[in-house]
Structures are given as structure tokens and as C-alpha cells.
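Please open the model in your viewer and keep the selection tool at hand. The tour goes from one selection to the next and says what is there each time.

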Amino acid sequence: MENVPVAKDINPIIVHCADLHLDSPFSCFTTDSSKAKVLREEQFSVLGRIIVLAKKTGASFILIAGDLFDSQRVSQESLELINNYFKSVPDISICISAGNHDPYTPESPYVTFNWSKNVHIFDDELKFFEKDGVRIYGRSFTGAFARKTLLQDGKGELPELDKEYINILLMHGDTESTTSVYNPVNMNNLSEMGFDYAAFGHIHKSYGVKSVGSTPYCYSGIPQGRGFDESDACGVMLCQISKDSVKTKFVNTCIRRYIVKNIDITDVESNEDICAAVLEQCPRDNNLYKVILKGALPETFIVSPARLKTMLSDKYFYIKIKDETTVKTNLEVLKNETTIKGFFVKNMLSQVVDEEMKQEALKLGLQAFSGEVVIDED
């Protein structure tokens, strides 16, 4: 019988990451392809940071829990670059379970590309990769959806773990919804199996380590954001795992952040004043900013997001302006006026239910009555 290190004496260091979405198109930058190119290149630089982290910390494994690629269409140049990163750490085992964006299919680069010897890619069956007393269990998506849990085999049975090993699960999936079409992880199954750590991908935010039964599990979040819906800290989980405990540390890996900033511009008198407020509250750094303008303004003052963006664009890598200001007027008094304007206000207040739509309609309507309305499609 092969000699296996005693599990209690093993405490491997792993880097757990997911959802890099390499080769993303960044379609929001269709009018500025140079910025899209910069962001795509920086995605690969973030992968480089992950490799350096694993090397510096003496990690035995890099675990990638799905969606390494944004789609199955990955350029040969990108594949070569990724593989060169992997080759640079030959003593670190890189394990990958494919996700819903980059499923394991006969045409996928996971199958067609000649990967470095230290890369192990899981297929459509739940199997394990073994090294130095550690077993990494994984299973890949084979299409855009996985409506049944990937924890069970074709007969609905669970694999039995050998407790002489450190057993780690690597999977892309949804632990929060039993009706999800993205591998609804059965938490009772996860608890019953008794992994020493479960490394998940798919949810783009890390909430730290949670437990079900005695099984610790975690989403690593995303190493780098790709939009303003991903404005939280981005990084990977650095873990040291033993039979008795799991020590984790969230490590920031992003180069740029997407930052949403609400700015109150009540009583400003010009677009130049708005620019000054933005510059005061948004540092001139490498981040991407979405500025949401709040507050109440006179109906005669027009906010022009397009003009503001032009005025500020040379100060930031990227900035987007959204106007959510309201009209500064006494609507209760105005609705009682026996004028067309009063009739308009009365109807808006009584008939429009959606508050956001009501405020926007009132603002545009009152500005139109003042002869000041400007249609801004930015």
C-alpha cells in the first residue's frame, strides 16, 4: 500500500480564486476601444499577481473555481500567455473546475489546448486530483447551465471521502438557491460529505468563510471588477488548511476599482460648480467612477451629464455622470395653480406610482415649461 502522509500532519497553503473572466469584451467601451484594450490587458496582469502571491507564500495549489474565461472563444495569444504564467510555477498544482461561462466541452480550450504539466482540469465527472496527502475534488460545467447538483454522480450518489487525506472541493455553483440553474449545491449533501474546505466560484463577492455542519466553505469573489455592479473590494482567498482548522486571508489583487459616488449638488449655480464638487470628492487616480448627482435644483438650472463628462474626462481614466437631482419647488402649492403647469403637476403626483419615474417626469416637465429642457442621452 502506498505511504500516505498522515492527514493531521498536513496543512497545505492554497490560493483560491474564481471568476477572472479573461478576454472579456468590455462592451461598454465600444466608443473607446483603447480603454477596453487596457482593461483586458490588466485582467492578465491580475492573473500574474495571483501567480506571484502563490509563489511568495509557498502555496502548493492554485484553485480556480470556474469562469477563468469569459467565454469559450479565447484567442491563441491569450491561451499562450495564461499557460506561460502557469509554467512559471511548475511546483504549484493548478486545478480548474470550469464554470457556466467557460464550460468543459469538446471544443473548449480546456480540451483543445496543450496545457502545462502542472495544470489539472476537471471534466464532467466528480473526481479527485491527489498530491502530497491532499485530494482536490472537482467537476466542471459542460454547458451554460447545470440544473442538477454536480455533487452527485449519475445515480444520485455521493462519493465517500478517505479521511486519511485533506479533502478539498473545487466547484462553480450556487449555494444560495435550490432552484438555481447554475449548479444548485445541496447543502445537506455538502455537510454530509465532510470536506475540509469547499472552494466555490460563481458569486462575485466574498463573504468570508461560512460553515455547513463541520464543512467550511467560501466564495473567493472576483480578482478584478468589470462593472459598477462590482464595486466592492476584489481579490482572492489565501488559505492554510488542516484537519482541525482553516485559516484564511482575503488578499486584494485588483489594479483598478469601479467606484460609485453619490454627490449632493443642492444649490449649485453652474456645471463648473458641479465639476469642482466631483473633483473634490473623487480622487484623480486610476479607478473608474460613476458619479450620481443628488439634491434639489431650481427648475431653470439644467444638469448636462454629457457636458460634465466632457469637462472631466481628461481628469480620470473613466467617469460616468448620472443625474438624479429633483426640482426645487413647492409641488403642493404648484399643483393647486389653475394653469397648465399646475394641471401637469397635479396629474404627475396623482397618477404616476413609480417614485423615480415621477421625479424624472416632473423635472423634465417643469424644465420644459421654463423653456430649459435638454434631452441628454448619455
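About 30 Å³ of space lies in the largest cavity, and a search of the whole structure finds 1 cavity of 30 Å³ or more. A cavity here is a set of points, on a 1 Å grid over the protein atoms alone, where a 1.4 Å probe fits but cannot get out, and lining residues have an atom within 4 Å of a point. Grid points are joined across faces, edges and corners, and the volume is the space filled by probe spheres set on the points.

This is a predicted model, in which local features need pLDDT of at least 70 and side-chain atom pairs count only at pLDDT 80 or more, while totals for chains, interfaces and linings use all residues. Residues are numbered from 1 along each chain as its sequence is written, and side-chain values use heavy atoms, with hydrogens and water left out.

To see the lining of the largest cavity, select Thr-326, Val-327, Leu-331, Gln-359, Leu-362, Lys-363 and Leu-366. They divide into 4 nonpolar, 2 polar and 1 charged, where Ala, Val, Leu, Ile, Met, Phe, Trp, Tyr, Cys and Pro count as nonpolar, Asp, Glu, Lys and Arg as charged, and the others, Gly among them, as polar. Next colour strand S17 (326-327) and helix H9 (355-369), each of which supplies at least two residues of this lining; the largest share, 4 residues, comes from H9. Helices (H or I, at least four residues) and strands (E, at least two) are DSSP runs, numbered from the N terminus.

Now select helix H6 (residues 305-312), whose buried residues are Pro-305, Leu-308 and Leu-312. These three cover an arc of only 60° around the axis, which puts them on the same side of H6. Buried means under 20% relative accessible area, exposed over 50%, and partly exposed in between (1.4 Å probe, protein chains only), while the arc is that of the directions from the helix axis to the C-beta atoms. What do the buried residues of H6 pack against? Show helix H5 (271-281), strand S14 (288-294) and strand S16 (318-323), and you have the elements that they pack against; contact means heavy atoms within 4.5 Å.

Stay with H5 and select its buried residues, Asn-271, Ile-274, Cys-275, Ala-277 and Val-278. Seen down the axis of H5, they fall within an arc of 160°, so they line one face of the helix. Their cover includes strand S13 (258-264), S14, H6 and S16.

Move on to two loops. Most residues other than glycine have a negative phi. Asp-23, in the loop between strand S1 (13-17) and helix H1 (33-56), has a positive phi of about 65° although it is not a glycine. Asp-67, in the loop between strand S2 (61-64) and helix H2 (76-87), has a positive phi of about 55°. Is Asp-67 buried or exposed? At 2% relative accessibility, Asp-67 counts as buried.

Arg-147 is exposed, with a relative accessible area of 58%, and it touches Ser-180, Val-181 and Pro-184, not counting residues up to four places away in sequence.

Finally, zoom out to the protein, which has 9 helices and 17 strands and whose C-alpha atoms fill a box of roughly 95 × 40 × 40 Å, taken along the principal axes. Buried residues make up 51% of its 378 residues.

Notes: 1 Å grid on protein atoms, 1.4 Å probe; cavity = no way out; pocket = protein on both sides within 12 Å on 5 of 7 lines; lining within 4 Å.
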